[in-house]
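Hi,

Here is the structure I promised to pass on. My notes follow below it.

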Amino acid sequence: MSQPIVIVGSGFAAWQLVRTLRRQQSAAPITVITATSGDDYNKPDLSHVFTRKQQATDLIKASGAQLSAELDVRLMPHTRVEEINPNGNYLIANGERIDYQKLVLATGAKTFIPPMQGNAKDQLITLNSLEEYQQGQEQLANARSVLVIGAGMIGTEIAMDLASTGRKVILANREESILPGLLPEFISSRLLGSMITQNVQFELGAEVTEVNAKDSGFDVKLSNNNQHSVDAVICAAGIVPNTQLARSAGLQVNRGIVVNQQMQTSHSDIYALGDCAEIDGRVMPFLQAIIHSTNTLAKTLAGESAKLALPAMMIKLKTPLLPIQFGGNTSHSKATWKVDATAEGMLAQAFDDNDQLMGFVATESMMPKAFPLLRQLPALI
Ligand SMILES: Cc1cc2nc3c(=O)[nH]c(=O)nc-3n(C[C@H](O)[C@H](O)[C@H](O)COP(=O)(O)OP(=O)(O)OC[C@H]3O[C@@H](n4cnc5c(N)ncnc54)[C@H](O)[C@@H]3O)c2cc1C
């Protein structure tokens with residue numbers, strides 16, 4: 001029997017690839033090796049577990065064992081891949097040698113933890129996986145006050161969700177606005193305003209410098225000398241692709257594992273997919289980008305010629321109090337904005353020097369106008 005396609009990881013990218021391969025009738029032997037149980041869940045649901053009163057187990061759609069039987073896959077759960085030998089076409093996991101024909105790295109990313117002091121700096125809760133939520137869920141269920149570090153998409157969504165349950169929430173961000181790099185301040189301030197009505201307290205332009213445990217809860221010190229006493233601290237300060245395996249195997253790594261438009265790394269038998277991959281100089285940690293990349297990789301693995309094409313993508317913020325959709329380039333400093341704002345919603349369109357649409361943001365009642373604008377945007381790749 002030929003050697004299997006081996007996939008490292010069991011997140012969205014990995015299971016999406018297995019499903020796509022089986023859907024296209026591939027009978028290739030597949031082995032999935034994962035540090036976790038391999039259970040399938042929808043990671044974006046972690047943004048609203050508090051209002052939905054969900055435990056980690058409520059999010060599981062299918063167990064790893066179920067998927068392994070259904071998709072005819074050899075699953076090696078709770079197994080960490082330690083080393084890859086690219087020229088020998090094998091890897092080492094739990095001390096065992098596993099040969100592969102093709103290897104797919106779908107190792108995801110981890111939460112970036114900013115440097116800080118204090119005896120509890122290692123006790124921050126992160127919510128970048130089901131297991132991380134499982135570890136922190138009891139503490140969060142009992143917490144009456146939470147400080148969230150980072151006002152990017154994930155931090156902002158989680159802060160709104162926590163505040164909707166009546167908890168006291170402080171959202172601290174190094175930059176002076178929320179969603180920096182994603183939306184200009186004249187738009188993000190609309191969301192900030194609605195979060196203030198939820199009693200979210202903001203610490204903008206402030207870094208967390210120290211976290212110390214006390215008898216019950218934590219003392220958090222900020223660079224602006226403010227101090228907060230809270231029951232839990234969540235860190236959502238961005239993500240760092242998991243590139244260690246690839247790097248030590250000598251593959252080309254930049255911010256993520258560098259792949260070409262076939263999702264192939266610098267070694268011809270090794271591919272990368274999902275949050276760990278860097279495509280055309282960009283890490284794109286979004287499900288839609290992963291679906292497009294997976295379709296390309298499944299064809300490539302089946303021996304067909306395929307090249308990744310990425311259309312402009314819509315991003316939806318899961319902030320129910322003030323829903324926002326946006327697409328294209330919405331943070332270019334030289335964009336000229338055309339804004340249509342009413343009390344019910346805002347539509348903002350960004351144009352370049354040639355009067356071409358670069359990006360748009362639609363909130364609340366203006367959201368039906370988003371899709372026609374998305375179609376006017378140039379493809380990403
Ligand atoms: C709270 C939250 C909300 C989000 N909301 C949205 C949204 O609304 N829309 C959207 O498009 N995207 C959203 N995202 C992003 C999206 O969920 C991710 O881009 C996607 O789930 C990443 O999937 P992945 O398979 O690449 O990585 P992961 O799910 O991180 O999977 C990585 C896997 O690799 C395994 N692994 C790593 N190293 C090893 C090793 N050495 N050996 C064995 N196994 C290993 C891990 O155990 C894990 O199984 C959200 C993310 C979060 C955290």
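**Domains and their contact**

The protein splits into three parts: domain 1 (5-109 + 239-301), domain 2 (113-235) and domain 3 (323-374). Please keep in mind that this is a predicted model.

I looked at the pairing of domain 2 with domain 3. Their centres, taken over C-alpha atoms, lie 28 Å apart. Domain 2 brings 8 residues to the contact, and domain 3 brings 16 residues.

How much area is buried between domain 2 and domain 3? The figure is about 890 Å². Carbon and sulfur atoms give 72% of that area. On the domain 2 side, Phe-186, Ile-187 and Arg-190 lose the most area to domain 3. Together these three make up 57% of what that side buries.

**Polar links**

Between domain 2 and domain 3 there are 4 residue pairs in polar contact, counting pairs with both residues at pLDDT 80 or more. By type, the residues on the side of domain 2 that touches domain 3 are 6 nonpolar, 1 polar and 1 charged.

The interface of domain 2 and domain 3 has 1 salt bridge. A salt bridge joins the side chains of Arg-190 and Glu-364, at 3.1 Å from N to O.

**Cavity**

The search found 1 cavity of 30 Å³ or more. The volume of the largest cavity is about 50 Å³. Its lining consists of Met-263, Leu-273, Gly-274, Ala-277, Ile-279, Met-284, Ala-289, Ile-290 and Ser-293.

Best wishes

Conventions. Residues numbered from 1 in each chain as written. Predicted model: local features only at pLDDT ≥ 70, side-chain atom pairs only at ≥ 80, totals over all residues. Heavy atoms only, no water. Domains from an automatic or database assignment. Contact = heavy atoms within 4.5 Å. Buried area = accessible area lost by both parts, 1.4 Å probe. Salt bridge = Lys/Arg side-chain N within 4 Å of Asp/Glu carboxyl O. Polar contact = N/O pair within 3.5 Å; in protein donor to acceptor, adjacent residues only side chain to side chain. Nonpolar A, V, L, I, M, F, W, Y, C, P; charged D, E, K, R; others polar. 1 Å grid on protein atoms, 1.4 Å probe; cavity = no way out; pocket = protein on both sides within 12 Å on 5 of 7 lines; lining within 4 Å. Points joined across faces, edges and corners; volume = space filled by probe spheres on them.
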